[in-house]
Amino acid sequence: HQEETLVDWLVSRYPEIQHVGDDPKLRPGIVHRLDKDVSGVMVVARAQNMFIHLKKQFQEHTVRKEYRALVYGVVQKEEGEINLPLKKGPHKTLVLPKGGDRDEAKALRAVTRFEVLQHFQHYTLLRALPETGRTNQIRAHLSVYGHSIVGDTKYCHPRYKNRSAFTKFLKYDRVFLHSSRLAFHTITGEWKTYQAALPDDLSAFIGTLK
């Protein structure tokens, strides 16, 4: 990489994480991931016992994850649940199984709950609460639901292909998806919650909608 990555930054400040994780050379201390164009809070383990403890919670889906997502269109339901299995497709994408034993066997259970936070004329701001942790899950689910995330060219519903106002405003590629809250149990059993406010660029875009 020609530019500094999150791993580079972590290792330079917390060298002890070089020995933490399932694959410390590649992903030292990294318990879970955020997509490249997604901002927000994530947790990194500095010790192996904490890594194992956190990994188990992610596998058992007991970690509380909350996102902010601005989607195209006006979502009619104030809250809802998208319960659609997903399977891996080309280029690290997620796709719905087409049916049949082979596709069904490859599909993974995926559930995303959502709540409407604010309506705009052509957009809706959502609180997205994934109950499972599939790669690109929220983006794929909302696209299939008919309300693609603003700025998401990878999972874009056909009706929104020509919506370019968001990318023009920001001057670079960006998905309006933000990890706003993450909560889990520490090794001592304490329930800890961490939050991250919307970054300035996303807040500024919301301001243009008002």
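**Note on the predicted model: charged pairs, rings and cores**

1. Start with Glu66, which sits in strand 2 (residues 64-72). Strands here are DSSP runs of E with at least two residues, helices are runs of H or I with at least four, and both are numbered from the N terminus. Glu66 is buried, at 3% relative accessibility. Buried means under 20% relative accessible area, exposed means over 50%, and partly exposed lies in between (1.4 Å probe, protein chains only).

2. A word on the basis. This is a predicted model, in which local features need pLDDT of at least 70, side-chain atom pairs count only at pLDDT 80 or more, and totals for chains, interfaces and linings use all residues. Residues are numbered from 1 along each chain as its sequence is written, and side-chain values use heavy atoms, with hydrogens and water left out.

3. The overall picture comes next. The chain has 6 helices and 9 strands. Of its 210 residues, 43% are buried. The chain exposes about 12,300 Å², and carbon and sulfur atoms supply 49% of that area. Accessible areas come from the Shrake-Rupley method with a 1.4 Å probe; for residues, only the protein chains shown count as cover.

4. Contacts reach across the sequence. Take the contacts between residues at least 6 apart in sequence: 63% of them join residues at least 24 apart. A contact means heavy atoms within 4.5 Å.

5. What does Glu66 touch? Leaving aside residues up to four places away in sequence, Glu66 touches Arg127, Ala128, Leu129, His178, Ser179, Ser180 and Arg181. With Arg127 there is also a side-chain polar contact of 3.0 Å. A polar contact is a pair of N or O atoms within 3.5 Å; within protein, one must be able to donate a hydrogen and the other to accept it, and residues adjacent in sequence count only if both atoms are side-chain atoms.

6. Now look from the other side. Arg127 is in strand 7 (residues 123-130). Its side chain makes a polar contact with the side chain of Glu115 at 2.6 Å. The residues touched by Arg127, again not counting those up to four places away in sequence, include Tyr67, Arg68, Arg113, Phe114 and Leu117.

7. Side chains of opposite charge can pair when their charged atoms come close. The whole structure holds 9 salt bridges. A salt bridge is a side-chain nitrogen of Lys or Arg within 4 Å of a carboxyl oxygen of Asp or Glu. Arg139 and Asp35 form one of them, with the closest N and O atoms 2.9 Å apart. This pair links distant parts of the chain: Arg139 is in helix 4 (residues 137-144), Asp35 is in the loop between helix 1 (6-13) and strand 1 (39-40), and the two are 104 residues apart. Arg139 counts as buried, at 7% relative accessibility.

8. Glu131 pairs with Arg113, the closest N and O atoms being 2.8 Å apart. Glu131 lies in the loop between strand 7 and helix 4, and Arg113 in strand 6 (residues 111-119), 18 residues apart. Both ends are partly exposed: Glu131 has a relative accessible area of 30%, and Arg113 is at 26%. Glu115 forms a salt bridge with Arg127, with the closest N and O atoms 2.6 Å apart. Glu115 is in strand 6 and Arg127 in strand 7, so this pair ties together parts 12 residues apart in sequence. Glu115 is partly exposed, at 23%.

9. Which residues are linked in a network of salt bridges? They are Arg64, Glu66, Arg68, Glu115 and Arg127.

10. The rings deserve a look. There are 5 aromatic pairs in the whole structure. The rings of Tyr123 and Phe205 have centres 6.1 Å apart and planes at 85°, so they are edge-to-face. Tyr123 is in strand 7 and Phe205 in helix 6 (residues 200-209), 82 residues apart. Both are buried. Rings of Phe, Tyr and Trp (its six-membered ring) pair if their centres lie within 6.5 Å; planes under 30 degrees apart are stacked, over 60 edge-to-face, and the rest tilted. Ring pairs link Tyr72, Tyr123 and Phe205 into a cluster.

11. Last, the cores. The largest nonpolar core has 28 residues, and Leu70, Leu142, Ile149, Phe176 and Leu177 touch the most other members. Strand 2 gives the largest share, 5 residues. A second, separate core of 12 residues includes Val20, Val31, Phe51 and Phe184. A nonpolar core is a set of buried Ala, Val, Leu, Ile, Met, Phe, Trp, Tyr and Cys residues joined through side-chain atoms within 4.5 Å.
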